[in-house]
Amino acid sequence: MSINEMESKARELRQLQALIDEAQAEAEAIKDSLKAAMGDSEAVQAGEYKITWKPVKSSRIDAQALKKALPDIAEQFTRTTITRRFVVA
């Protein structure tokens, strides 16, 4: 692929990403309006749609606190991974 083709593809990618970002922002705004309309209700039947907004409990390890309190243990269970980050700037 030539540099000109790469530039064209990068431009197309940025335009598509802008459309995706715009659509995601619009979707979030719709979700927020539905949540506001639901108030404290956990479930609402809206025609053919059942809309739920329920609390979810989750537990996670606080890695920073573990490193501070037990650095040797934290180091034993820490693994390093390498990934490649793709960016078009």
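Student: Why is Glu 42 called partly exposed?

Tutor: In this predicted model, Glu 42 has a relative accessible area of 40%. Buried means under 20% and exposed means over 50%. The value of 40% lies in between, so Glu 42 is partly exposed.

Student: Where does Glu 42 lie, and which residues does Glu 42 touch?

Tutor: Glu 42 is placed in the loop between α1 (3–38) and β1 (43–46). Leaving aside residues up to four places away in sequence, Glu 42 touches Ile 51, Thr 52, Trp 53, Lys 54 and Pro 55. Its C-alpha atom is separated by 23 Å from that of Glu 26, 16 residues apart along the chain.

Student: What makes Asp 40 exposed?

Tutor: Asp 40 also belongs to the loop between α1 and β1. Its relative accessible area is 82%. Exposed means over 50%, and therefore Asp 40 is called exposed. From Asp 40 to Thr 80 the C-alpha distance is 42 Å, and the two are 40 residues apart in sequence.

Student: How do you know that the side chains of Glu 7 and Arg 11 meet in a salt bridge?

Tutor: The distance from N to O is 3.3 Å. A salt bridge requires a side-chain nitrogen of Lys or Arg within 4 Å of a carboxyl oxygen of Asp or Glu, so the pair Glu 7 and Arg 11 qualifies. Both residues lie in helix α1, four residues apart, which is about one turn of the helix.

Student: Are Glu 7 and Arg 11 buried, partly exposed or exposed?

Tutor: Glu 7 has 44% relative accessibility, and Arg 11 has 46%.

Student: How many salt bridges does the structure hold?

Tutor: The structure holds two salt bridges. One of them joins the side chains of Glu 28 and Lys 31, again at 3.3 Å from N to O. Glu 28 and Lys 31 are three residues apart in helix α1, about one turn of the helix.

Student: Why do Glu 28 and Lys 31 count as partly exposed?

Tutor: Glu 28 stands at 39% relative accessibility, and Lys 31 at 44%.

Student: Which residues form a nonpolar patch on the surface, and what makes Met 6 partly exposed?

Tutor: Met 1, Ile 3 and Met 6 form the patch, with about 390 Å² of accessible area together. Met 6 is found in helix α1. Its relative accessible area is 46%, between the limits of 20% and 50%, so Met 6 is partly exposed.

Student: What span does α1 reach, and what is expected?

Tutor: Helix α1 has 36 residues and reaches 52 Å from its first C-alpha to its last. This is close to the 52 Å expected at 1.5 Å a residue.

Student: What pattern does the protein chain follow, and how do you know that the chain is more spread out than a compact globule?

Tutor: Along the sequence the pattern is α-β-β-α-α, with three helices and two strands. The radius of gyration is 22 Å, whereas the globule rule gives 12 Å for 89 residues. The value is well over that of the rule, so the chain is more spread out than a compact globule.

Student: What share of the residues counts as buried?

Tutor: Of the 89 residues, 2% count as buried. The chain exposes about 9000 Å², of which carbon and sulfur atoms supply 54%.

How values were computed
Residues numbered from 1 in each chain as written. Predicted model: local features only at pLDDT ≥ 70, side-chain atom pairs only at ≥ 80, totals over all residues. Heavy atoms only, no water. Buried < 20%, exposed > 50% of the residue type's maximum accessible area, 1.4 Å probe, protein only. Contact = heavy atoms within 4.5 Å. Patch = residues over 30% accessible without salt bridge, like charges linked within 9 Å, V, L, I, M, F, W, Y side chains within 5 Å. Areas by Shrake-Rupley, 256 points an atom, 1.4 Å probe, with all protein chains shown as cover. Expected span 1.5 Å × (residues − 1). Rg over C-alpha atoms; globule rule 2.2 N^0.38 Å.
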